[in-house]
Amino acid sequence: MNPASLDNLCIHTITTKSWAIETSAAKFAAAGVKGITVWRDTLAGRDIKKTGQMIRDQGLSIVSLCRGGFFPAATPADRAKALDDNRKAIAEAHALGAPLIVLVCGAVPGQPPTESRKQILDGIAALLPECQATGVKLAIEPLHPMYADSRSAVNTLGQANDMVEALKSPYIGVAADVYHLWWDPALEAEIVRCGKLKALFAYHVCDWRTPTIDLLNDRGLMGEGCIPLRQIRSWVEAAGFKGFNEVEVFSTRLWAMDQNDYLKKIVQAYRDHV
Ligand code: ZN
């Protein structure tokens with residue numbers, strides 16, 4: 001398996017969390033990175049349209065906006081509030097020039113996952129008119145089962161593919177993140193299925209550390225853990241995926257590094273392991 005092309009390297013702004021969006025855009029571009037996924041918090045207090053232009057002026061492609069979702073809630077009023085926030089996210093993506101929003105779909109502790117998945121399906125379906133009006137697509141990101149209590153009741157690529165099939169819309173697909181999916185015995189088969197559905201919209205990379213000491217903020221940089229990155233990329237590419245390999249790392253340890261050195265390390269890790 002050949003190393004991934006540098007032309008397909010995208011970095012999420014959360015990966016270098018302390019940098020403002022202007023800094024991330026300039027430094028990523030100078031390091032030869034070609035794509036950026038923008039987290040919504042970086043847009044606070046900014047003219048979103050101008051920020052999108054600033055990013056494109058650096059020669060970067062805006063790959064997606066992170067994130068929408070969190071559809072399930074205990075009351076109809078709270079579910080309506082969640083939909084409003086997702087409509088806002090779609091408007092932000094449209095203004096930014098981001099073609100895609102990644103969905104962390106949500107879950108409610110104590111509510112059966114089956115009920116949460118029903119609310120997620122209803123929530124996504126309710127957004128289809130806004131997707132059609134703006135051209136912005138939505139990617140369901142299945143999360144590792146350790147987040148099934150409160151962050152997502154969609155925990156396997158199979159479940160995400162089921163939702164894509166149920167919704168039957170060219171605007172709805174999947175974001176496959178190796179951190180959440182690498183352990184799944186059905187992964188290769190579900191990547192094939194996702195490709196056939198033309199629903200593989202995004203591919204996120206990082207690594208799984210042993211031991212993992214924090215459920216959220218101890219992701220590894222590629223090569224620091226046990227995920228068979230090249231094997232999974234070979235499946236993704238065999239399924240027809242030609243998009244960016246997005247480096248998305250939440251790590252208290254790596255955020256504490258000098259972020260200029262860290263960026264060099266990211267590019268090297270991408271060359272060596274993705
Ligand atoms: Zn991800």
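This report walks through the zinc site and the aromatic contacts of the structure above. Please keep in mind that the model is predicted.

**The zinc site**

Four residues coordinate the zinc ion: Glu-141 and Glu-248 through OE, Asp-177 through OD, and His-204 through ND1. Their distances to the zinc ion run from 2.0 to 2.2 Å. If you follow the donors along the chain, you will find the spacing E-x35-D-x26-H-x43-E. Asp-177 belongs to strand S6 (residues 172-177) and His-204 to strand S7, and this pair, 27 residues apart, links distant parts of the chain.

What is the geometry of the site? The angles among the four donor atoms span 83 to 166°, and the site is irregular.

Are Asp-177 and His-204 buried or exposed? Asp-177 has a relative accessibility of 1% and therefore counts as buried. His-204 is buried too, with a relative accessible area of 0%.

**Aromatic pairs**

Now for the rings. For a pair of aromatic rings, the description rests on the distance of the centres and the angle of the planes. The model holds five aromatic pairs, and two of them are set out here.

| Pair | Centre to centre | Angle between planes | Arrangement |
|---|---|---|---|
| Trp-19 and Phe-28 | 6.5 Å | 55° | tilted |
| Tyr-203 and Phe-241 | 6.3 Å | 65° | edge-to-face |

Elsewhere, Tyr-179, Trp-182 and Trp-208 are joined into a cluster by ring pairs.

**Charges over rings**

Which charged residues sit over aromatic rings? Lys-137 places its charged end over the ring of Phe-201, at 5.0 Å from the ring centre. Arg-219 does likewise with Phe-250, where the charged end is 4.3 Å from the centre of the ring.

Definitions and conventions. Residues numbered from 1 in each chain as written. Predicted model: local features only at pLDDT ≥ 70, side-chain atom pairs only at ≥ 80, totals over all residues. Heavy atoms only, no water. Phe/Tyr/Trp six-rings, centres within 6.5 Å; stacked < 30°, edge-to-face > 60°. Lys NZ or Arg CZ within 6 Å of the ring centre and 35° of its normal. Donors = N, O, S within 2.8 Å, 3.2 Å for Na, K, Ca; no water. Tetrahedral: all angles 85-135°; square planar, octahedral: opposite > 155°, others 65-115°. Helix = DSSP H or I, 4+ residues; strand = E, 2+ residues; numbered from the N terminus. Buried < 20%, exposed > 50% of the residue type's maximum accessible area, 1.4 Å probe, protein only.
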